[in-house]
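Student: I have a structure open on my screen and I'd like to learn how to read it. Could you walk me through a few features?

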Amino acid sequence: MKNIKWSKTTRKNFLTYGLVILAYVVMQILGGAGLVSSSLKGMLVPICAYVVMAVSLNLTVGVMGELSLGHAGFMSVGAFCGTSTAIILQDSISSAPLRLAISLVVAAIFAAIAGFLIGIPVLRLRGDYLAIVTLAFGEIIKSVFNNLYLGVDSRGLHISLLSDRTNLGEGGKLIIGGPMGIGGIQKISTFTAGFVLIIITLVVVFNLVNSRAGRAIMAIRDNRIAAESVGVNVTKYKMMAFVISASLAGAAGALFAMNYSTFVANKFDFNTSILVLVFVVLGGQGNMLGSIIAAAALTILPEALREYADYRMLVYAIILILVMLATNNPKLKSWMDRLKSSHKKVKEVA
Amino acid sequence: METVLKIDDINVYYGSIHAIKGISFDVKKGEIVTLIGANGAGKSTTLNTIAGLLNSHTGSIQFMGENLGKQAAHKIVSKGLALVPEGRRIFLQMTVQENLEMGAYTRKGDISADLEKVYGYFPRLKERYKQVAGTLSGGEQQMLAMGRALMSRPQVIMLDEPSMGLAPILVEEIFNIIRNLHEHGTTILLVEQNAQAALSVADRGYVMETGKIVLSGTGEELLDSPEIKKAYLGG
């Protein structure tokens, strides 16, 4: 009987892959036929980035069971490191997709390092400390990048804090300009790159969750003391989940940033962290497909409501509340269950 | 008989509270040793210290001739010392079988023989092997917690209040299982408030009071001792 249970998870995973691929193909066909509005076209890459953010945060919140309020901080680290890498490599690597790929990898590595450093003290603690510290981390990262100057010239990289003392030589270029953020970015992020990143994210997350390590992580979420008593190294597995989550967020940040010609550190603030958390909660904790749908729908929704101008955020909030109520409604749930069971019966008869 | 577990002069503090005051005792191979005492006597604290969840400031904990001293909790299981924590801490969202598989987490290789063995001790678990553990009754959850600990093939299994919160008939069933394990040669360190039941299965017992061992002897001696009768057995 155990096989049936596994195949259920596997089926759900393949359904998720299938729907993502289907969405990509449909968008490509519609785009080719010129049926996609320009506002939606502009949102495709941000949607991909938010989907990756939501899935990666779901690893921390849903699978590991820890509340992180600073996911945008990792996005920020990824955005700045990745975009800087892309700008530095602009002359040496002419192929845009290759440059984008390298930048995303660098972004993921730096975000992973940030996650590791935060995790060392915090993951050893019990209770809500991770939420508090990640919240602070998001704000600190914002301040750091708001005051960071990074320039490049023939002598190499120059970094300074608080004021621009990079003293760039002839032909030098200021990459990060403190509160001005990064400007003059070549927009090399594409929908296809975003799609590939989503697929990579899903492969990483699904494989982790279904592995020996994933079982250990979920055991810790279920009961920390019991997990320790069967010999699970709690700190190690929490760190594993947290670092993977952070690095995926970093890659998402770099993808997001290189869709714009300019961005500032304030873009990745507390509100962004909460927004991603809303995707996760709305889509269901531990439910990756739910996160993907919630991220896509809630990124499109505010734009779709643009015609209501002043009432936009009000309607957005009301829709959020209605969705929450609807998904928790017992009548609706039992109706869905009936639908599922009758569907099964039909299958059995057939 | 060979001594497998030797606790020598341990002192444990919760902040400024001195919970364990210089306790020493030993467990020999194949024995059931019980620690009894009232609430707050330090029984669970002692077990948690041996399991590495807490640390002693002084003394030593020797297991199979090796000092467990400051070893992390998750490493102690693989050395052959399994703890069944107080309050049936099972993985509520996993199935019975998955819980047992988690018990064998530190081991490599095939576990089907061990699963069969555990199901042999606990036939009720076999009936419910694909049921989600959170839906089990209290007694079944306790059995699952014990079965899970056995999956790591421990040299010594430490049970922390296995009878807590169970109906008398289930308490009896749990103690029958403990007897059965003992007959199969398992070494057991048992912490209990139910002195009567614990002493009737135990080879030896230690009585704890406010962080100290105040009395020790064989199970029968303690059952007959007037102090124990007065303090724990009501008469």
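**Reading contacts and confidence**

Tutor: Let's start with one residue: A:Arg215 has a relative accessible area of 15%, so A:Arg215 counts as buried. Keep in mind that this is a predicted model.

Student: What does A:Arg215 meet in a salt bridge?

Tutor: Here is the general idea. Side chains of opposite charge can pair when their charged atoms come close. In this case, the side chain of A:Arg215 meets that of B:Glu98, at 3.9 Å from N to O. This pair crosses between chains, with A:Arg215 in helix H7 (residues 212–222) of chain A and B:Glu98 in helix H3 (residues 96–103) of chain B.

Student: Is B:Glu98 buried or exposed?

Tutor: Buried: the relative accessible area of B:Glu98 is 10%, and the cut-off for buried is under 20%.

Student: How many salt bridges are there over all chains?

Tutor: There are 16. One of them joins B:Asp26 and B:Arg204, whose closest N and O atoms are 3.1 Å apart. That pair links distant parts of the chain: B:Asp26 is in strand E2 (residues 17–28) of chain B and B:Arg204 is in strand E9 (residues 204–209) of chain B, 178 residues apart. B:Asp26 is buried at 18% relative accessible area, and B:Arg204 is buried at 17%.

Student: What about B:Arg153, which residue does it form a salt bridge with?

Tutor: B:Asp114, with the closest N and O atoms 2.8 Å apart. Here a loop residue pairs with a helix residue: B:Arg153 is in the loop between H6 and E7 of chain B, and B:Asp114 is in helix H4 (residues 112–121) of chain B, 39 residues away in the chain. B:Asp114 is buried, with a relative accessible area of 6%. Look at the backbone of B:Arg153 too: its phi is positive, about 50 degrees, although the residue is not a glycine.

Student: Which residues are linked in a network of salt bridges?

Tutor: Find B:Arg124, B:Glu127, B:Arg128, B:Glu140 and B:Glu173, which are linked that way.

Student: Now rings. How many aromatic pairs are there over all chains?

Tutor: The count comes to 16. To read a pair, check two things: how far apart the ring centres are, and the angle between the planes. Take A:Tyr17 and A:Phe206, an edge-to-face pair with 5.5 Å centre to centre and 90 degrees between the planes. A:Tyr17 belongs to helix H1 (residues 2–32) of chain A and A:Phe206 to helix H6 (residues 191–209) of chain A, so you can follow this link between parts 189 residues apart. Both A:Tyr17 and A:Phe206 are buried.

Student: Why is the pair of A:Phe74 and A:Phe137 tilted?

Tutor: Because the planes of A:Phe74 and A:Phe137 are at 35 degrees, with the ring centres 4.7 Å apart; edge-to-face needs over 60 degrees and stacked needs under 30. A:Phe74 is in helix H3 (residues 71–88) of chain A and A:Phe137 in helix H5 (residues 129–146) of chain A, so the pair ties together parts 63 residues apart in sequence. Both A:Phe74 and A:Phe137 are buried.

Student: Which ring does A:Arg212 lie over?

Tutor: The ring of B:Tyr105, at 4.1 Å from the ring centre. Chain B has a case of its own, with the charged end of B:Arg148 over the ring of B:Phe91, 5.0 Å from its centre.

Student: Which residues make a nonpolar surface patch?

Tutor: Look for A:Val105, A:Ile109, A:Phe110, A:Ile113, A:Phe116, A:Leu117 and A:Ile120, which make a patch of about 640 Å². Among them, A:Leu117 is in helix H4 (residues 96–122) of chain A and is exposed, at 55% relative accessible area.

Student: Last one: which element of chain A has the lowest mean pLDDT?

Tutor: Helix H13 (residues 330–349) of chain A, at 65, whereas helix H9 (residues 234–257) of chain A has the highest, at 92. Chain A averages 82, and 90% of the residues score at least 70.

Note on methods. Residues numbered from 1 in each chain as written. Chains lettered and ligands numbered in written order. Predicted model: local features only at pLDDT ≥ 70, side-chain atom pairs only at ≥ 80, totals over all residues. Heavy atoms only, no water. Phe/Tyr/Trp six-rings, centres within 6.5 Å; stacked < 30°, edge-to-face > 60°. Helix = DSSP H or I, 4+ residues; strand = E, 2+ residues; numbered from the N terminus. Buried < 20%, exposed > 50% of the residue type's maximum accessible area, 1.4 Å probe, protein only. Lys NZ or Arg CZ within 6 Å of the ring centre and 35° of its normal. pLDDT = per-residue confidence, 0-100. Patch = residues over 30% accessible without salt bridge, like charges linked within 9 Å, V, L, I, M, F, W, Y side chains within 5 Å. Areas by Shrake-Rupley, 256 points an atom, 1.4 Å probe, with all protein chains shown as cover. Salt bridge = Lys/Arg side-chain N within 4 Å of Asp/Glu carboxyl O.
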